[in-house]
Every structure is written in C-alpha cells, then in structure tokens.
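Morning, everyone. I have one structure to walk through today. Please have the viewer open.

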Amino acid sequence: MKTRNSHRFIFQAETDRKVHQWHFSFQNFLIFALVSLLVLGTSLFFGAENLTRFLYQQKLQEIRNNFTSLSKALNDINGRLIYLDQKMDTIEEKERAVRTYANLPEIDQDVRSLGIGGLRLEKYTSKDYIIPGLSKKISGLEMDVDHLARKVKLELASFETIYDKVVKDTEKMQHIPSIRPVPGGYLNSKFGYRKDPFDGVQRFHKGLDFSVYTGTPIYAPADGVIQSARYSGNRGKHIKINHEFGYNTLFLHLSKINVKRGQKVKRGDLIGQTGNSGRSTAPHLHYEVHYNGVAQNPMDYFFSGAVN
C-alpha cells in the first residue's frame, strides 16, 4: 500500500479461520533487511572460518598419519648408520694393525678427527609443527651420513696407502737377497776379521766361504740384472748381480758362468757353478752381499735354507 508521504509494506498470512497482517514502514523494512544481512554475513564468516579450521585440521592429521611410516623409516636408517659406524670402528682397529704390520706410521689423531669431524646441527622449521621432531631427525641423519662418509673416505685413503706400500714392499722383497746361493756345503769362513789363508795377515772378510764340490750349482738369491760376468785376477770367474733398491751380490772363484752381462734373473735361477778359479786354495764359493755399497753379513739375509 502506498501513502502520500511514505511507503508501507504489508505482509499477510491467511488461514481457514483468520487473516494475519503485519505492517512495516519502508524505514522499518530497510532496518530489518540490513540487520538480517548483517546476521547472515556474520554467520557465514564464522561458519566459513570454522569450516576452514576443521578442513585444515583434517588435512594436518592426514599428513601426520602419512608421515608415520617416514618417521619409522628414518629411525630404521638411523639404526643402520649406528651399526655401520660400529663396523667402521672395527675397521679402524684393523687398519691400525695393518699399518703397524706394513711399517707405516699411524694416522695422527688430529688428522683423523679433521677427516671425520662434524657437528650435529639442530635445525627447526615449520615442518616441526606438522611433524614434531622431523627436521631434527633429518638433520641428525644428514650429519650421521656425512660423518660416516668422511670415515669411509679416510679409511679408503689409508688402505690405498697401505696397498701401495705393500705392493712396493712385495716388489722390494723380490729383490732382497734372501736364500743361500748354493745347496748344502760347509761354511768354512764367516763374515768378519780372519787370518788370510795365503799370508796369515788379519784382514776383514767381506763375505762367506762355502766349501763345496766343484760344479755345485749357484742360484740367484733374488731378482736382478747381471752387472758383471767375467774372469779377473784374484776373483777368478765371478758374477755380480745388481738387485736394485741398493742391493748387490758377488760370487767368486766359479768354474762356469751361465749368464751374460745385462741378463735379467729371478730368485732361484741357475747362474753358474762353483770352482777354484782366481786366488783360492780349494773349491768353494765366496759370496758377498752389499747394501748401498757397504758389505753386509750374508747370514742376516738367509730367510730359507737351500734351493730345491
């Protein structure tokens, strides 16, 4: 219904018995509409916030549930790292023993600490709110892996050093005079001072004299190269072998030479036969060992008996 001065709104509800009417002015209707919109807006705002919070918590719980297996896996990995670290400690002990056996110095403790050092970093991020302690676990595992990797790298480098040393020593051992040059026989004259059998003057005897029958085979005591194989005055027929690494051997008073100058020989190779040539009073072999030009006692180099 419309009046001269204002608008009025009539709401009517009819039943079988009576009619209900509500009269509102335009101003009242506008106020009612605004209040209704405000109530509706407020309800929607708080309802949406509660719904968002509910959905967020649901998603959060889902993420936490999904990462339960990840946390278990991280714990398993950590357990394996602890086991490997214990094994590395055992390897370190054996490495120290091997270095001692190979005559190598131990790795300095400061170097070892520098090589495997590291600090546990406790980093916290927003992930800790979602999965408490996850960042700490991951950071700890990262440092454990880095610590173990440094240990392994250090041990590999150490074993490479040991390997190179052993290979070098193995090669060197092949060149060190270490067997009797003749089988059997009688040691007639030792290393050291003695009376010269020709003039009775006390002189230093630089080798060993083995009394053997003429023609007894002579074997190379180690790998090397024939430096000299010829006849000369007092030495008679003789052979000199350069074994490298500072070692040389000398064989005097031979009856036969089976090698030539420059020829390579291996330990146990036949190089000649004993005799009585040169300044000698009876069939024997005079045998000398020199290291860096200094005569050594050959007895100190006999690691086995005779050549089979």
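Predicted model: local features only at pLDDT ≥ 70, side-chain atom pairs only at ≥ 80, totals over all residues.

Salt bridges to begin with. How many does the structure hold? Two. Take Arg-194 and Asp-209. Their closest N and O atoms are 3.2 Å apart. Arg-194 sits in strand E4, residues 192-195, and Asp-209 in strand E6, residues 208-211. That links distant parts of the chain, 15 residues apart. Is Asp-209 buried or exposed? Buried, because its relative accessible area is 6%, and the cut-off for buried is under 20%. Arg-194 comes out at 24%, so it is partly exposed.

Now the other pair, Asp-223 with Lys-266. Here the closest N and O atoms are 3.6 Å apart. Both residues are in loops: Asp-223 between strands E7 (217-219) and E8 (224-232), Lys-266 between strands E11 (264-265) and E12 (270-274). So the bridge ties together parts that are 43 residues apart in sequence. Asp-223 is buried, at 8% relative accessible area. Lys-266 is exposed, at 52%. As background, side chains of opposite charge can pair when their charged atoms come close.

Next, the core. The largest nonpolar core has 21 residues. Which of them touch the most other members? Ile-239, Ile-241, Phe-251 and Ile-271. Strands E6, E9 (236-244), E10 (247-257) and E13 (284-291) each give two or more residues to this core. Look at Ile-271. Beyond its neighbours within four places in sequence, its contacts include Ile-218, Tyr-219, Ile-239, Phe-251 and Val-265. In general, nonpolar side chains in soluble globular proteins tend to be buried together.

On to the largest pocket. Its volume is about 600 Å³. Its lining has 25 residues. Which lie nearest the centre? Arg-194, His-205, His-253, Arg-279 and His-286. So we meet Arg-194 again, the partner of Asp-209 in a salt bridge. Strands E3 (186-189), E5 (202-205), E6, E10 and E13 each give two or more residues to the lining. By class, the lining has seven nonpolar, 10 polar and eight charged residues.

Last stop, Glu-106. Where is Glu-106? In the loop between helix H2 (68-101) and helix H3 (109-116). Glu-106 counts as exposed, because its relative accessibility is 53% and the cut-off is over 50%. Glu-106 and Arg-96 are 10 residues apart in sequence, and their C-alpha atoms are 6.4 Å apart in space.

That's my tour. Over to you.

Terms used. Residues numbered from 1 in each chain as written. Heavy atoms only, no water. Salt bridge = Lys/Arg side-chain N within 4 Å of Asp/Glu carboxyl O. Helix = DSSP H or I, 4+ residues; strand = E, 2+ residues; numbered from the N terminus. Buried < 20%, exposed > 50% of the residue type's maximum accessible area, 1.4 Å probe, protein only. Core = buried A, V, L, I, M, F, W, Y, C linked by side-chain atoms within 4.5 Å. Contact = heavy atoms within 4.5 Å. 1 Å grid on protein atoms, 1.4 Å probe; cavity = no way out; pocket = protein on both sides within 12 Å on 5 of 7 lines; lining within 4 Å. Points joined across faces, edges and corners; volume = space filled by probe spheres on them. Nonpolar A, V, L, I, M, F, W, Y, C, P; charged D, E, K, R; others polar.
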